[in-house]
Amino acid sequence: MENSLTAETLTPETLLAGIRQTRLVAIVRGTDGAAAAKAALAAMEEGFRYVEIALTTPGALEAIREVRAAAPAGSFVGAGTVLTKQDVDNVAGAGGQFIVTPSLAPSIEEAAGRGIPVLAGALTPSEALEAMNRGATAVKLFPASIGGPGYLKALRDPFPDIPFIAVGGVGLDEAAGYWGAGAIAVGLGGPLFGDAGSGGDLAPVRQRARSFVALASDFDRRLAESGR
């Protein structure tokens with residue numbers, strides 16, 4: 001029996017609010033859809049609420065179906081590397097609840113027009129503004145490691161109202177720096193999943209997931225204590 005998650009609707013507004021609260025998005029990419037589904041569910045069981053499965057993973061659509069049916073209540077599954085209108089069709093048909101792009105792809109307008117939340121990939125100021133103009137819910141700053149937190153801070157100066165999610169080369173040692181620079185969240189791929197999306201051990205994934213969730217909680221606690 002499918003759980004209550006299948007009845008939940010994720011809107012751009014609720015996705016944005018949820019990501020601001022959790023500060024974390026998980027990114028599964030691998031060579032085995034079944035393994036990717038297991039990895040996604042493991043992260044959810046350890047506290048992650050938003051997990052994307054990259055369409056470059058063989059069997060990604062079936063993995064999305066599996067995760068959608070089995071995810072804990074309050075957790076949501078989306079698709080990454082969504083580039084075309086057909087991709088959006090496929091993801092929607094599989095039950096994907098949000099999409100993520102690596103660039104300014106045609107999928108942004110297509111998904112936004114359907115009311116599907118979009119985390120749109122961008123790197124430069126012009127790309128970030130264009131992503132929002134096309135209907136993005138938030139901008140995925142990718143690859144964030146090129147400029148680090150300093151670049152994000154500079155980018156936010158002229159665009160304080162654009163919600164940025166830092167993705168690419170972000171691990172436990174880097175996450176707080178991006179949050180401090182104004183990222184609403186960080187996106188975690190290899191530093192969280194390792195080779196789990198290709199059949200690797202899930203135990204380290206669970207441990208790292210708990211560490212990231214604790215890190216986000218600690219950051220929010222220190223932020224509250226500072227009165228900021």
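The chain has a mean pLDDT of 95, with 96% of its residues at 70 or more; pLDDT is the predictor's confidence in each residue, from 0 to 100. Residues 1-7 fall below 50, yet beyond near neighbours in sequence this stretch has 18 contacts in the model (contact means heavy atoms within 4.5 Å). Where pLDDT is low, the predicted coordinates should not be read in detail.

Some ground rules: this is a predicted model, in which local features need pLDDT of at least 70 and side-chain atom pairs count only at pLDDT 80 or more, while totals for chains, interfaces and linings use all residues. Residues are numbered from 1 along each chain as its sequence is written, and side-chain values use heavy atoms, leaving out hydrogens and water.

Now to Thr22, which sits in helix α1 (residues 12-22). Thr22 is buried, at 16% relative accessible area (buried means under 20%, with a 1.4 Å probe and protein chains only). Leaving aside neighbours within four places in sequence, Thr22 touches Arg49, Tyr50 and Ala216.

Next, the inside. Searching the whole structure turns up one cavity of 30 Å³ or more, a cavity being a set of points on a 1 Å grid where a 1.4 Å probe fits but cannot get out; lining residues have an atom within 4 Å of a point.

| Largest cavity | Value |
|---|---|
| Volume | about 40 Å³ |
| Lining residues | Val25, Ile27, Glu52, Val100, Leu119, Lys140, Ile165, Val167 |
| Lining make-up | six nonpolar, no polar, two charged |

Strands β1 (24-28) and β7 (164-167) are the elements giving two or more residues to that lining; helices (H or I, at least four residues) and strands (E, at least two) are DSSP runs, numbered from the N terminus.

How values were computed
Buried means under 20% relative accessible area, exposed over 50%, partly exposed in between (1.4 Å probe, protein chains only). On a 1 Å grid over the protein atoms alone, a cavity is a set of points where a 1.4 Å probe fits but cannot get out, and a pocket is an open set with protein on both sides within 12 Å along at least five of seven lines; lining residues have an atom within 4 Å of a point. Grid points are joined across faces, edges and corners, and a volume is the space filled by probe spheres set on the points. Ala, Val, Leu, Ile, Met, Phe, Trp, Tyr, Cys and Pro count as nonpolar, Asp, Glu, Lys and Arg as charged, and the others, Gly among them, as polar.
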